[in-house]
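Dear colleague,

I am passing on the structure we talked about, and below it you will find my notes on how its parts are put together. Please read them with the model open beside you.

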Amino acid sequence: FTRNGSVVFRAEMVAGYVSLLTGYRPGASGYVVERNTRYPAHKGGNREMLDNLLEGVPLSGWTLRRMIESISTYDEAQAKVQSAHFVATEYVVMSGVRRGHIIARDPASVAHLSTLGPSAYVIVTNFDYWWHDVREYLDPTGGHLGLPRRVAAQRILNASLNTGLALTPGLLNATIS
């Protein structure tokens, strides 16, 4: 997406869907933002989403698209993600130069903030493991029931780090495959 001949942002989108899924805002303080499914932690989460839609809350992807169009710095974008009203629960993954956050959003607030820094990586699947979401253990995509994808990925990444190896693009690709 360009403005006056200059790239404002790049985004992956689906034909006919104007909201943002993944986007990149170039610049010295630019950022990448990606949204992902976060399952509601309470009964009534889908009803809450419908109520928010009927009350006129903008779609979360549209909020992120407007943000990446108008906000050029990581800090301002992170502040927007944390303060905007969202239609439903979701994860917003943000990365910049030597920084990163996974923001677990409830519709009206931030439920949890994971920050890159104390460890070499931050990883979340679709479940709030910090609140011991048992559904994480019932997801068969980690290889088998009882082994969450997050734990399987941590084993791969930690094994590499414990032997002194770097987290290379090839290792990261193998981790998510």
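I begin with a pair of helices: helix 4 crosses helix 5 in the right-handed sense, where right-handed means that the near helix is turned clockwise from the far one by less than a right angle, and left-handed that it is turned anticlockwise. Helices here are DSSP runs of H or I with at least four residues, strands are runs of E with at least two, and both are numbered from the N terminus. The axes of helix 4 (residues 149-162) and helix 5 (residues 169-176) come within 9 Å and cross at roughly 155°, which makes helix 4 roughly antiparallel to helix 5. For these terms, axes are lines fitted to C-alpha atoms, for helices over the stretch in contact, with angles from 0 to 180 degrees between N-to-C directions; angles under 35 degrees count as roughly parallel, over 145 as roughly antiparallel, 65 to 115 as roughly perpendicular and the rest as oblique. On the helix 4 side the meeting residues are Ala153, Ile156, Leu157 and Ser160, and on the helix 5 side they are Leu171, Leu172 and Thr175, contact being heavy atoms within 4.5 Å. By class, this contact of helix 4 with helix 5 has 5 nonpolar, 2 polar and no charged residues, where Ala, Val, Leu, Ile, Met, Phe, Trp, Tyr, Cys and Pro count as nonpolar, Asp, Glu, Lys and Arg as charged, and the others, Gly among them, as polar.

Before going further, please keep in mind that this is a predicted model, in which local features need pLDDT of at least 70 and side-chain atom pairs count only at pLDDT 80 or more, while totals for chains, interfaces and linings use all residues. Residues are numbered from 1 along each chain as its sequence is written, and side-chain values use heavy atoms, with hydrogens and water left out.

As for the whole, the protein has 5 helices and 8 strands, and along the sequence they follow the pattern β-β-β-β-β-α-α-α-β-β-β-α-α. The radius of gyration, taken over C-alpha atoms, is 17 Å, close to the 16 Å that the globule rule gives for 177 residues, so the protein is as compact as a globular protein of that length; the rule is 2.2 Å times the number of residues to the power 0.38. The C-alpha trace spans about 50 × 40 × 30 Å along its principal axes.

Turning to the sheet, 6 strands form an open sheet in the order 3-4-5-6-7-8, with antiparallel pairing, two strands being paired if DSSP finds at least two bridges between them. Strand 3 (10-12) and strand 8 (110-115) stand at the edges, each with a single partner strand, so one side of each is left without a neighbour in the sheet. From one strand to the next the twist averages 15°.

Strand 3 pairs with strand 4 (residues 22-25) over 3 bridges, and Ala11 stands opposite Gly23 there. Strand 4 and strand 5 share 4 bridges, among them that of Arg25 with Tyr31, and these two strands form a hairpin with 5 residues between them, in whose turn Gly27 has a positive phi of about 135°. Between strand 5 and strand 6 there are 6 bridges; Asn36 has Tyr91 as its bridge partner, and Thr37 stands opposite Glu90. Strand 6 is joined to strand 7 by 7 bridges, with Gly96 partnered by Arg99, and their hairpin has 2 residues between the strands, including Arg98, whose phi is positive at about 55°.

Two further helices lie across this sheet. Helix 2 (residues 60-70) lies across strand 4, strand 5 (31-37) and strand 6 (90-96), at about 180° to strand 5, while helix 3 (residues 74-83) lies across strand 5, strand 6, strand 7 (99-105) and strand 8, at about 10° to strand 7. Helix 2 and helix 3 pack at an angle of about 160° with their axes 10 Å apart, which makes helix 2 roughly antiparallel to helix 3. Thr63, Leu64 and Met67 of helix 2 make the contact with Ala77, Lys80 and Val81 of helix 3, and by class these residues divide into 4 nonpolar, 1 polar and 1 charged.

With kind regards
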